[in-house]
Amino acid sequence: MLKESCLSNSRHVEQQSIPKFTVLTLKKLQRAIQNKRRGLLSSGVVLLHDKARPHTAVRTGEVLRKFKWDVFQHPPYSPHMAPSDFHLFTAMKKWLGEQYFSDDEELKNAVTHWLKSQAAAFYAEGIGKLVKRYDKCLNNGGDYVEK
């Protein structure tokens with residue numbers, strides 16, 4: 001009985017901490033956008049979200065409404081629609097294949113530098129690919145879209 005109570009309580013704490021972490025991340029993102037892309041906040045921000053618990057948590061929704069950000073829902077069961085999978089990681093994988101790192105810290109620093117060194121056009125290209133894939137997916141009734 002005590003064990004079940006502890007497990008139930010730990011799940012509750014875990015469920016409460018996930019949205020808290022998500023909210024902190026969203027606030028950090030908002031500050032970064034304010035600092036780097038001032039005009040963007042006045043014209044709106046659109047986030048691509050799937051149905052993961054942190055994204056659908058009540059507190060997350062409250063923060064997004066407070067920020068006046070829109071949410072572009074990710075189609076269910078469509079990991080191929082994530083720009084990180086079909087654009088970012090493809091380019092990063094190619095770059096990483098040509099590298100050698102002596103330890104995890106060197107890898108972490110190199111990847112961080114690589115991400116920051118990509119031009120805005122690189123990320124815009126990924127979003128452009130997303131729009132095309134999303135359109136194909138919707139026109140195929142939500143079926144898988146390779147390219």
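This is a predicted model: local features need pLDDT of at least 70, side-chain atom pairs count only at pLDDT 80 or more; totals for chains, interfaces and linings use all residues.

Residues are numbered from 1 along each chain as its sequence is written, and side-chain values use heavy atoms, with hydrogens and water left out.

Colour by pLDDT (the predictor's confidence in each residue, from 0 to 100). The protein chain averages 76, and 73% of the residues score at least 70. Now select residues 1–15: pLDDT is below 50 there, and beyond near neighbours in sequence the stretch has one contact in the model (contact means heavy atoms within 4.5 Å).

Next, pick Val23, Leu26, Ile33, Val45, Leu47, Val63, Leu64, Phe67 and Trp69, the nine residues of the largest nonpolar core. Such a core is a set of buried Ala, Val, Leu, Ile, Met, Phe, Trp, Tyr and Cys residues joined through side-chain atoms within 4.5 Å. Helices H1 (2–36) and H4 (58–67) each supply at least two residues of this core. Helices (H or I, at least four residues) and strands (E, at least two) are DSSP runs, numbered from the N terminus.

Zoom in on Val45, in the loop between helix H2 (38–43) and strand S1 (46–49). Val45 is buried, at 8% relative accessible area. Its C-alpha atom is separated by 9.6 Å from that of Leu64, 19 residues apart along the chain.

Stay with H4. Which of its residues are buried? Select Thr60, Gly61, Val63, Leu64 and Phe67. Seen down the axis of H4, these fall within an arc of 160°, so they line one face of the helix (the arc is that of the directions from the helix axis to the C-beta atoms). On the other side of H4, Val58, Arg65 and Lys66 are exposed. Just after H4, Lys68 takes a positive phi of about 65°.

Last stop: salt bridges, meaning a side-chain nitrogen of Lys or Arg within 4 Å of a carboxyl oxygen of Asp or Glu. The whole structure has two. Arg59 is partly exposed at 38% relative accessibility, and Glu62 is partly exposed at 36%. Then go to helix H7 (residues 120–139), where Lys129 and Glu125 lie four residues apart, about one turn of the helix. The closest N and O atoms of this salt bridge are 3.6 Å apart.

Methods:
Buried means under 20% relative accessible area, exposed over 50%, partly exposed in between (1.4 Å probe, protein chains only).
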